[in-house]
Amino acid sequence: MSDQSSITAPSVHRVDARHRYEILVDHERAGLTAYRDREDQRVFFHTEIDDAHAGQGLAAILVEQALTDVRAAGKRIVPVCPYVAKFLTKHQEFSDITDPVTPETLTWLDAQLGR
């Protein structure tokens with residue numbers, strides 16, 4: 001018989017020093033969505049969920065909470081990450097704070113990431 005009481009709900013935390021939001025399951029990182037800030041924009045460029053936690057809906061929880069945090073911070077969203085872009089097509093409640101991905105944004109992001 002397993003003890004279900006020790007399992008905690010997934011939690012999302014912003015880790016400013018690493019420019020990302022992490023989702024924790026049972027106090028261990030299960031995934032992340034990475035960003036860089038450009039003036040009043042938070043540019044999301046990569047989202048991943050560890051294979052051990054795939055298919056549990058964690059990416060949606062992670063991105064929704066990250067975007068809610070962006071709104072609370074008074075910033076705007078730029079969805080370079082394909083997953084974040086796809087999420088936004090299904091969640092119109094964030095359309096008022098979403099900016100388009102522009103060539104200038106991509107050039108800036110490449111410089112930020114050293115690529």
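This is a predicted model: local features need pLDDT of at least 70, side-chain atom pairs count only at pLDDT 80 or more; totals for chains, interfaces and linings use all residues.
How many bridges join strand 4 (residues 41-49) to strand 5? The views below take up this question and the surroundings of these strands.

View 1. Residues are numbered from 1 along each chain as its sequence is written, and side-chain values use heavy atoms, with hydrogens and water left out. The open sheet has 5 strands in the order 1-2-3-4-5, with mixed pairing; strands (E, at least two residues) and helices (H or I, at least four) are DSSP runs numbered from the N terminus, and two strands pair if DSSP finds at least two bridges between them. Strand 1 (11-15) and strand 5 (76-79) stand at the edges with a single partner strand each, so one side of each is left without a neighbour in the sheet.

**View 2. Strands 4 and 5.** Strand 4 is joined to strand 5 by 4 bridges, and the two run parallel. Val-43 stands opposite Val-78 in strand 5.

**View 3. Helix 1 on the sheet.** Helix 1 (residues 58-72) packs on the sheet and touches strand 1, strand 2 (20-25), strand 3 (28-38), strand 4 and strand 5, where contact means heavy atoms within 4.5 Å.

**View 4. Arg-36 in strand 3.** Arg-36 lies in strand 3 and is buried (under 20% relative accessible area, with a 1.4 Å probe and protein chains only). Among the residues that Arg-36 touches, not counting those up to four places away in sequence, are Val-43, Phe-45 and Trp-108.

Key. Axes are lines fitted to C-alpha atoms, for helices over the stretch in contact, and angles run from 0 to 180 degrees between N-to-C directions. Buried means under 20% relative accessible area, exposed over 50%, partly exposed in between (1.4 Å probe, protein chains only). Lys and Arg count as positive and Asp and Glu as negative; His and the chain ends are not counted. A salt bridge is a side-chain nitrogen of Lys or Arg within 4 Å of a carboxyl oxygen of Asp or Glu.
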